[in-house]
Number of protein chains: 4
Amino acid sequence: MYNNTLGDIFSVTSFGESHGPMVGCVIDGVPPGHKIDLTTIQTEVDMRKTAQTNFASERSEADLVQIVSGVYGDQTLGTPVAILIANADAKSADYDALQNVYRPSHADYTTMAKYGVRDHRGGGRSSIRITAPLVAAGEIARQLIVASYSSIEVRAWVNSIGAAVGNASIAHNLSQTEIYAKPFRVVDDTIVPQITTLVDNAKLEGDTLGGSITCIITNMKAGIGSPIFHKLQARLAQAMLSINTVKSFEFGSGAQASMLQGSMHNDAFVPAAEGISTVTNNSGGIQGGISNGMPIYFTIHFKPISSIKQAQSTVNTAGDALDISITGRHDVCAVPRAVAIVRAYTHIILYNELQAQHLVHS
Amino acid sequence: MYNNTLGDIFSVTSFGESHGPMVGCVIDGVPPGHKIDLTTIQTEVDMRKTAQTNFASERSEADLVQIVSGVYGDQTLGTPVAILIANADAKSADYDALQNVYRPSHADYTTMAKYGVRDHRGGGRSSIRITAPLVAAGEIARQLIVASYSSIEVRAWVNSIGAAVGNASIAHNLSQTEIYAKPFRVVDDTIVPQITTLVDNAKLEGDTLGGSITCIITNMKAGIGSPIFHKLQARLAQAMLSINTVKSFEFGSGAQASMLQGSMHNDAFVPAAEGISTVTNNSGGIQGGISNGMPIYFTIHFKPISSIKQAQSTVNTAGDALDISITGRHDVCAVPRAVAIVRAYTHIILYNELQAQHLVHS
Amino acid sequence: MYNNTLGDIFSVTSFGESHGPMVGCVIDGVPPGHKIDLTTIQTEVDMRKTAQTNFASERSEADLVQIVSGVYGDQTLGTPVAILIANADAKSADYDALQNVYRPSHADYTTMAKYGVRDHRGGGRSSIRITAPLVAAGEIARQLIVASYSSIEVRAWVNSIGAAVGNASIAHNLSQTEIYAKPFRVVDDTIVPQITTLVDNAKLEGDTLGGSITCIITNMKAGIGSPIFHKLQARLAQAMLSINTVKSFEFGSGAQASMLQGSMHNDAFVPAAEGISTVTNNSGGIQGGISNGMPIYFTIHFKPISSIKQAQSTVNTAGDALDISITGRHDVCAVPRAVAIVRAYTHIILYNELQAQHLVHS
Amino acid sequence: MYNNTLGDIFSVTSFGESHGPMVGCVIDGVPPGHKIDLTTIQTEVDMRKTAQTNFASERSEADLVQIVSGVYGDQTLGTPVAILIANADAKSADYDALQNVYRPSHADYTTMAKYGVRDHRGGGRSSIRITAPLVAAGEIARQLIVASYSSIEVRAWVNSIGAAVGNASIAHNLSQTEIYAKPFRVVDDTIVPQITTLVDNAKLEGDTLGGSITCIITNMKAGIGSPIFHKLQARLAQAMLSINTVKSFEFGSGAQASMLQGSMHNDAFVPAAEGISTVTNNSGGIQGGISNGMPIYFTIHFKPISSIKQAQSTVNTAGDALDISITGRHDVCAVPRAVAIVRAYTHIILYNELQAQHLVHS
């Protein structure tokens, strides 16, 4: 079961609702004796916060990360690490009018279909808010990766917003800090003006935008992953499709691979100083579910978020048709914020799989 | 762990290597008292077999399904169902020359990087051959779905091979049997001639082709899935990315969703006889990770298979560069065969999630 | 992995250290739409508290149960239920002298052997204090059992303290409330004077006492459990041996069964109004790992707790021999407090297995 | 779920019924590159076979172990190891008369209560026969322990049969091979004549006997196990209570510990060449759920087996009372055979926990 848990070795169990007293998670599988840097945890959690820029939601949360177990002094104990983040600025009254209405393309109806009951305030359990402590968990995973597998690095950025699509090349050298400082976290500066216009217009029209994120793992170790059901790409895909509004996952040459013939697509091996290397990297760093040491990269696409201010047809819990327009505090485009979530989930999966390898060579 | 297991309630544990004595799987979570129809199991397993048509591999396996536990008479006992399929036509000598060579874009190198040892014959554990008993498991899942949730139906077909891309509409009414009877299992007849040419040419050139498959689940129950990490799309994505050569997964409006604004993308709710309905189905039948009762559909893209007869640069296990051309018995395009695998994994995930719902309403 | 989790369907993940800010747990698998009664949760948690009587520890904790997710109004949402209990009266200074000493028969040394680091204050993660939120989880399980399987009842009591051993008969009709009101929670009143003397003497001598607890499940459903590794008795044994200081588990006729011949030990079946009944109940309500509907009963024995005021030989973290006497606030006998823990873990296992049965008949 | 699986890192999934074509198991988590010695696997499996001596069942099975995956040449591949053992000498006709009768203290009734259907032949899934491949799995675990943690040794022997109870001291130096060669696998020779008489009489009377087994793990590493729910003793208890007819588990000082005061029971630490040592070993080598490096020992008690030739009252599937006497081929006492099972399960748990430790120090 464990439907609220990501990972089986470094396993993160999520809890909390959008307008409950707090959101949080418990991490089992944190090895002992590692220093935990709370500052960078807070910094990364801040990267996914609302209200950072004019395109994001106006809910204003401090998102102060509190670690209440598993760390003594600044060292991990090997026991579960529990992370709490208070819900301070929830304005539940905003949702009174929505108590008996199913917002289109939201989880309202399906939550009722599954559970027969729901906390309608702020989307309850289905709110993106529950990812705040998960970003903290991802940053702990990152710190553990750095401690034990030093040079591996995960970077993610916005590749497109709406129809504004950046140059897909992954061959830039921006650090994640530099990416976070970019407008909309877009690496291709040339599309920023177009995005600005799109966002401004959408805001004006009470509309919303989707987009895409590319993530790359460099200096990767070879031999990580699993050959059958838990292929590295399968685990990454599961994690990515777990992020709200994500509609697709592709790695390496992605969907385009289907157009190429084997002789064009195959990555020729060449000798390398350490292990081997490939001339091209259509494999996206993964062959047969296992990393080959080349950069791993994947792209995910997000639909536009569903809370729009424009009037929409829908039904209420009594089954009657009606029109609604959603007024609360909502993002025009959540994709830039999602960069921190994509990195976090990638770090969690990656550390899980790196640790799993200790069971193989033993 | 359980890296060789798919599902946690209806859980299928795979074993076997391509050239070992047999491949098989053990299914835990088969409820008791259900009739098992061996005939349709064998039929479905035959659908993924090699040597069916001129575009597939020439390895000729009977793939006779043997169930050795969990079924007494023709009824399930509630105990684990073990399925065995003999490897009869393995020609291991074909692989003698490859013992010390890493075939480009195959799992040879990564298997060594992970395990330090491998059964090089026929790709060992990474062979698509291990999916034969998994197709049997999927057919058992289908039979159980029919028994308990009668009208749900899973159909899959080839949407493209190489550059020949069919009309993406999912609004056809072909049964799976009719689909299986189609050339290349393509629904859009208009692209068959183009595919035939592509396949003939690729064969002539010693080359291979990729493609894509679309899968649709109709008459779906609402309320199936989970809101956080085990979203229904996340589970499907993990399963699909577990299939050899799959490079992408998208559901509903897919990657294209990122281009649309919320007002265009949202699926307006309308009252329906049972529950509700949506005017459009960009959600692909899943909202917030949970089914809403509309058809679920997704598309996956496959790279061309890696065994090509053309000469390629590579390295051997000693790290020396060399050229190889792969001569054994290999498919030009595995995508039509993969239709049976896509269906099987979908049935497994679907039944797992349908059963999980019994824990919610109890 | 999930080493801090009990149960796989109703799964309780524990976190917290004795002297951290709080202890807690997250329960996944709580079905939606059930009323949760906080009052009886608090009452049951109070039953395992310190400082209730003169024989228990003087640490004085309010143990106020806070549920921070998964419950809206007084109803469960089907989402994870997180429970927090603050550590308010931790006197960490008491442990300064013990920072570099391994207390005999405590987990100090083994924690270092496993983790290489520990929170020495109050036993850290190995403290019985971490069971406080688990008792709350157990009471939630009990409420869910009552809601769905109404008449099943779990009662536990002290059967012996030190050499004072009560009449082993399980045929009394005391309710759990009545048991909790009994001195030392002993059902057999005749041994209370002897226990009082033993406790007074042990306290005087700076010594400690062990004992035993018997637990009975009445009005049990038949058909609950599993035939192989997860036999009902195996799950109960795992849970009971997870309680600090427990040294043994026996169910039904227990160890004594080994002395009897089959003709004496077998429980003859007789027809009953509903299902069947057995004349004797040496099986302890479980046959082949599955409940038969008769009362389930088991007994567990506890060693005396390890913190004694008397001087003891030990070694410090540098490996030097030394003498210590442990002065803090400690119980003379923890067995009466453990009654609440035994019930809680039994409720958790029982509800887990009852729920699992929904996957069988579906 | 995984109700048919023991272990989560070295995980053994069992399948098969007593009178189906075969029994078997699949082991996930076997590291690559280890030599597997089939000879000692077969030898150990033979140790649990029927028909070895005059006190055991007359069913005569070759129990030939076949490994069909995960091993190439004589080396493990890191992929799942599947083990098959044919059911050759099943005489199903013996069970025709029992098809509609519930044998007292057997799993017949509870299997029906759980599943509503059963394979009545030979006890179906509840037969001790399913342990044959599990003994093979245990021997593989032992070989892996020897390869990686060389000096650890698990020995088990019969401590009592019926009322004939051996001297409980664990301080003998007999090897397992020597133990297996002993009559009834009893270490204390002085009780052999008494046992012989008991067995002869029971056979004459159509009756059966129980007994007990003690198991000891020597040269154990410190730091193995887990502090909360997966305490080493909890895992061992779960495994032992999973063995048919086991009624109790106690480790170290066991149930007797409850009688002692802390000052008598505590194991004083003393400096040792490597780590530390304890003067006494009431802890049974485990403190706070984690091994301390001292010998681990535990004792389990078995009820007499339930198939007796004497007439017994019971009911049939229609609910009518009747008398039966069970005539097939059955053991008088299964305890000597169970020694191999106890060792196997102990090796599985032990290797699982030893491997788990790689995730801690990483």
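This is a predicted model: local features need pLDDT of at least 70, side-chain atom pairs count only at pLDDT 80 or more; totals for chains, interfaces and linings use all residues.
Strands here are DSSP runs (E, at least two residues) numbered from the N terminus, and two strands pair if DSSP finds at least two bridges between them. Strand 11 of chain A is joined by 2 bridges to strand 16 (residues 290-292) of chain A, and the two run antiparallel. A:Gly225 has A:Ile290, in strand 16 of chain A, as its bridge partner.

Residues are numbered from 1 along each chain as its sequence is written, and chains are lettered from A in the order in which they are written. Local features need pLDDT of at least 70, side-chain atom pairs count only at pLDDT 80 or more, and totals for chains, interfaces and linings use all residues, while side-chain values use heavy atoms, with hydrogens and water left out.

| Superposition | Rotation | Shift along axis | RMSD |
|---|---|---|---|
| Chain A on chain B | 180° | 0.0 Å | 0.0 Å |
| Chain A on chain C | 180° | 0.0 Å | 0.0 Å |

For chain A and chain C, 100% of the contact residues of chain A recur in chain C, and the same surface thus serves both copies.

The interface of chain A and chain C brings 39 residues of chain A into contact with 39 residues of chain C, contact meaning heavy atoms within 4.5 Å. About 3,200 Å² is buried between these chains, 66% of it on carbon and sulfur atoms; buried area is the accessible area (1.4 Å probe) that two parts lose on being put together, summed over both. A:Tyr2, A:Tyr72 and A:Leu77 supply 20% of the area that chain A buries against chain C, more than any other three residues.

Across this interface, 0 salt bridges are found, the rule being a side-chain nitrogen of Lys or Arg within 4 Å of a carboxyl oxygen of Asp or Glu.

Strand 2 (11-16), strand 3 (22-28), strand 4 (65-69), strand 6 (75-76) and strand 7 (81-86) of chain A each supply at least two residues of the side that touches chain C. Strand 2 of chain A gives the most, with 5 residues.

Note on methods:
Copies are superposed by least squares on the C-alpha atoms of residues with pLDDT of at least 70 in both. Helices (H or I, at least four residues) and strands (E, at least two) are DSSP runs, numbered from the N terminus.
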